[in-house]
Structure formats: C-alpha cells, structure tokens
Amino acid sequence: RNRKALKVARARLRNASSFLRQGLYSAFYEELHKAIHGYISDKLMLPVADLTRERIAEELRSRGKDEAVVKELNDILDACEYARYAPSSGSEAMADIYERAVKVISQIES
C-alpha cells in the first residue's frame with residue numbers, strides 16, 4: 001500500500017489535470033482532494049476514516065517532515081474543500097493549486 005501510494009496519486013493527478021484542461025471546476029477539485037487524501041492514507045498507512053488534519057500533521061511531523069510541508073498540505077486541502085462549495089475562481093487558481101499539490105506530494109516522498 002505504501003509503495004503504491006505515489007503511483008495511485010499520479011493516476012489521480014492525471015485525471016485532475018484532464019479535468020483542469022477541460023475546465024471542469026468541481027470535478028477537478030474533487031479529484032485533487034481524492035488524490036491527496038488517498039496518497040496520505042496510503043503513505044501513512046491510515047484508514048481514510050482516521051484522516052483528520054491533526055492526525056495527518058502529527059504523523060508527518062513524526063516522520064521528520066518540515067512544518068512548511070504540513071502547512072502547505074493543509075492550505076491545499078482548505079482550497080480544495082472551499083472550492084468544492086464555492087463559485088469558480090478561474091483556471092489560473094486551479095493550475096496553481098494543482099502545481100502546489102504535485103510539489104507537496106514530492107516533498108512528502110523525499
């Protein structure tokens with residue numbers, strides 16, 4: 001599960017990228033949110049039901065991840081959750097949040 005986490009996340013990120021190109025706002029944020037949650041669940045070997053922000057932060061810190069990575073991950077999750085229930089903020093914001101998500105996953109991987 002841990003070893004396949006990145007592979008599964010990349011597949012979901014490709015789907016999110018496809019939604020981004022098509023301009024499918026809510027589908028993009030939904031898929032991006034699933035990609036991040038699924039990756040964190042698999043990487044930290046926690047059930048999705050146990051994924052709270054506090055638990056994620058605690059696990060990442062215990063594995064020696066920088067506080068900036070934890071904060072960035074929380075910011076991305078906030079943006080995804082907000083965007084799923086708010087009106088569209090445009091494709092520039094979507095592209096930015098996508099790049100930030102790819103970056104934070106690669107930081108967690110290293």
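Guide: Two residues are in contact when heavy atoms of theirs lie within 4.5 Å. The model above is predicted, so local features need pLDDT of at least 70 and side-chain atom pairs count only at pLDDT 80 or more, while totals for chains, interfaces and linings use all residues. Residues are numbered from 1 along each chain as its sequence is written, and side-chain values use heavy atoms, with hydrogens and water left out.

Visitor: Which residues does Glu31 touch, leaving aside its neighbours within four places in sequence?

Guide: With those neighbours set aside, Glu31 is in contact with Arg12, Asn15, Ala16 and Phe19. Glu31 itself sits in helix α2. A helix here is a DSSP run of H or I with at least four residues (a strand is a run of E with at least two), numbered from the N terminus.

Visitor: How do you know whether Glu31 is buried or exposed?

Guide: By its relative accessible area: under 20% is buried, over 50% is exposed, and in between is partly exposed, with a 1.4 Å probe and protein chains only. Glu31 has 10%, so it is buried. Tyr82, a residue of helix α4, has 62% and therefore counts as exposed.

Visitor: And what is Ser18 called?

Guide: Ser18, in helix α1 (residues 5-22), has a relative accessible area of 22%, so it is partly exposed.

Visitor: Why is the pairing of Asp78 with Arg53 called a salt bridge?

Guide: The term asks for a side-chain nitrogen of Lys or Arg within 4 Å of a carboxyl oxygen of Asp or Glu. Here the closest N and O atoms of Asp78 and Arg53 are 2.8 Å apart, so the pair qualifies. This bridge links distant parts of the chain, with Asp78 in helix α4 (residues 67-85) and Arg53 in helix α3 (residues 53-62), 25 residues apart. Both ends are partly exposed, Asp78 at 40% and Arg53 at 23%.

Visitor: What makes helices α2 and α5 roughly parallel?

Guide: The axes of α2 (residues 25-43) and α5 (residues 91-109) come within 11 Å and cross at roughly 10°. Angles under 35 degrees count as roughly parallel, over 145 as roughly antiparallel, 65 to 115 as roughly perpendicular and the rest as oblique, so α2 and α5 are roughly parallel. The axes are lines fitted to C-alpha atoms over the stretch in contact, and the angles run from 0 to 180 degrees between N-to-C directions. Among the contact residues are Phe28, Leu32 and Ile36 of α2 and Ile97, Ala101 and Ile105 of α5.

Visitor: Which residues bring α4 and α5 together?

Guide: Their axes come within 10 Å and cross at roughly 145°. Contact residues include Leu73, Ile76 and Ala79 of α4 and Ile97, Val104 and Ile108 of α5. This contact divides into eight nonpolar, one polar and three charged residues.

Visitor: What makes Met45 worth a look?

Guide: Its phi is near 50°, a positive value in a residue other than glycine. Most residues other than glycine have a negative phi. Met45 lies in the loop between α2 and α3.

Methods: Nonpolar A, V, L, I, M, F, W, Y, C, P; charged D, E, K, R; others polar.
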